[in-house]
Amino acid sequence: MKDILLLEPVLKEKVWGGKKLKELFGYPIPSDQTGECWGISGHVNGTNKVVNGPFEGKTVRQLWEENRELFAEEEGEEFPLLVKIIDAQDDLSVQVHPDDKYAKEHEGYEFGKTECWYILDSEPGAELVVGHNAESRDELKEMVDEEKWEELFRRVPVQQGDFVYVPSGTVHAIGKGILLLEVQQSSDITYRFYDYNRPGQDGKLRELHIEESIACSMVPHEDPALDRPSWEEDGLKVERLIKEDYFTVHKWSLKKQGDTLKRLNSSYQLVSVIEGSAKVQTEEAVHLVKQGDHFIIPSTVDSYEISGDVTIIVSESTK
């Protein structure tokens with residue numbers, strides 16, 4: 001197998017979702033409350049099908065189980081990363097995710113959830129919740145018991161092009177009017193602190209997980225130090241958004257239609273096209289990809305070329 005794996009997106013309805021996933025990317029959304037596109041996933045709650053080549057019709061989850069050579073023989077029961085595009089027409093719940101240790105002990109799952117966000121678009125005044133103002137776990141519990149939500153949560157304004165790293169234990173929420181690409185550990189474990197007393201799609205209040213949220217939260221909150229080095233490589237602008245224990249994420253930009261990126265491949269890469277279009281050429285085939293497309297470059301591809309006027313997010317496992 002010397003070709004890329006083009007993937008069919010998995011769309012998920014959410015009480016806070018909207019229509020932008022259809023309007024901007026052409027995804028076949030199931031309703032006007034569609035909040036998430038799982039673009040690259042091997043998770044049991046939503047794994048993508050391959051739409052080209054000899055593995056057409058197989059899922060990423062199947063390939064991880066049966067064809068580990070595509071993924072550099074990386075070890076682990078679960079495909080390690082999950083790449084989403086999120087459309088927040090309304091505020092998401094304020095939540096926290098456990099680390100690996102807590103997830104294994106309390107949920108019986110291999111991964112907790114560390115994630116990061118690249119802001120694709122935001123409406124004026126849009127904000128995230130990142131962190132809290134409690135100095136101790138006792139103070140955190142007290143502020144939650146007294147429902148001092150506005151005093152407790154830290155709000156951060158964002159705009160297009162911002163990048164936010166959200167390690168496990170970070171109290172966080174995506175605010176309304178934000179469209180973002182998320183790279184995360186392949187985990188769907190979420191503990192809700194606060195949900196605006198809002199009913200879910202079944203008309204009932206959604207479950208909160210106060211005890212788990214307090215137990216998992218980083219106290220006191222600390223903002224991670226971020227460095228975003230950038231450099232040029234033969235007409236390609238490269239920006240490293242994050243390199244940490246679970247993933248490395250780069251933004252690659254080719255700005256002229258004639259620009260070509262030639263790459264030797266050593267491991268597998270998860271690619272999401274966030275702007276423009278491009279031609280991807282491997283040893284076996286040529287593919288035209290556009291904004292909203294997601295694909296995997298397997299480790300069995302020795303080299304490839306990308307040409308066009310395009311911006312892509314490239315994610316790699318660093319397990």
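**Exercise 1: a helix with two sides**

Task: D138 and D145 are exposed on one side of helix α4; find which residues of α4 are buried.

Solution. 
- Start with the model. It is predicted: local features need pLDDT of at least 70, side-chain atom pairs need pLDDT 80 or more, and totals for chains, interfaces and linings use all residues. Residues are numbered from 1 along each chain as its sequence is written, and side-chain values use heavy atoms, without hydrogens or water.
- Buried means under 20% relative accessible area, exposed means over 50%, and partly exposed lies in between (1.4 Å probe, protein chains only). Helices (H or I, at least four residues) and strands (E, at least two) are DSSP runs, numbered from the N terminus.
- Go through residues 137–145. L140, M143 and V144 are the buried ones.
- Look down the axis of α4. The buried residues fall within an arc of 100°, so they line one face of the helix. The arc is taken from the directions from the helix axis to the C-beta atoms.
- Recall the general rule. An α-helix has 3.6 residues a turn, so residues three or four places apart point the same way.
- Find the cover. Elements over the buried residues of α4 include β10 (127–132), α5 (149–152), β15 (191–194) and α6 (210–216). Contact here means heavy atoms within 4.5 Å.
- Step past the helix end. Just after α4, E147 has a positive phi of about 55°.

**Exercise 2: a strand and its partner**

Task: Decide whether each face of strand β12 is covered or open, and find the partner of C116 in β12.

Solution. 
- Take residues 163–166. F163 and Y165 lie on one side, V164 and V166 on the other, and all four are buried. Both faces are covered.
- Check the pairing. Strand β9 (residues 115–122) runs antiparallel to β12, with four bridges. Strands pair if DSSP finds at least two bridges between them.
- Pick out C116. Its bridge partner in β12 is Y165.

**Exercise 3: cysteines**

Solution. 
- Apply the cut-off. A disulfide needs two cysteine sulfur atoms within 2.5 Å.
- Count. The structure holds zero disulfides.
- C37 is buried at 0% relative accessibility, and C116 is buried at 2%.

**Exercise 4: rings**

Task: Classify the pairs F79–Y268 and W149–Y194.

Solution. 
- Set the rule. Rings of Phe, Tyr and Trp (its six-membered ring) pair if their centres lie within 6.5 Å; planes under 30 degrees apart are stacked, over 60 edge-to-face, the rest tilted.
- Count. There are 13 aromatic pairs.
- Take F79 and Y268. Their centres are 6.3 Å apart with 40° between the planes, and the pair is tilted. It links distant parts of the chain, 189 residues apart: F79 is in the loop between α2 (60–66) and β7 (81–88), Y268 in the loop between β19 (260–264) and β20 (269–281).
- Take W149 and Y194. Their ring centres are 4.6 Å apart and their planes stand at 25°, so this pair is stacked. W149 in helix α5 and Y194 in strand β15 are 45 residues apart. Both W149 and Y194 are buried.
- Widen the view. W149, F153, F193, Y194 and Y196 form one aromatic cluster.
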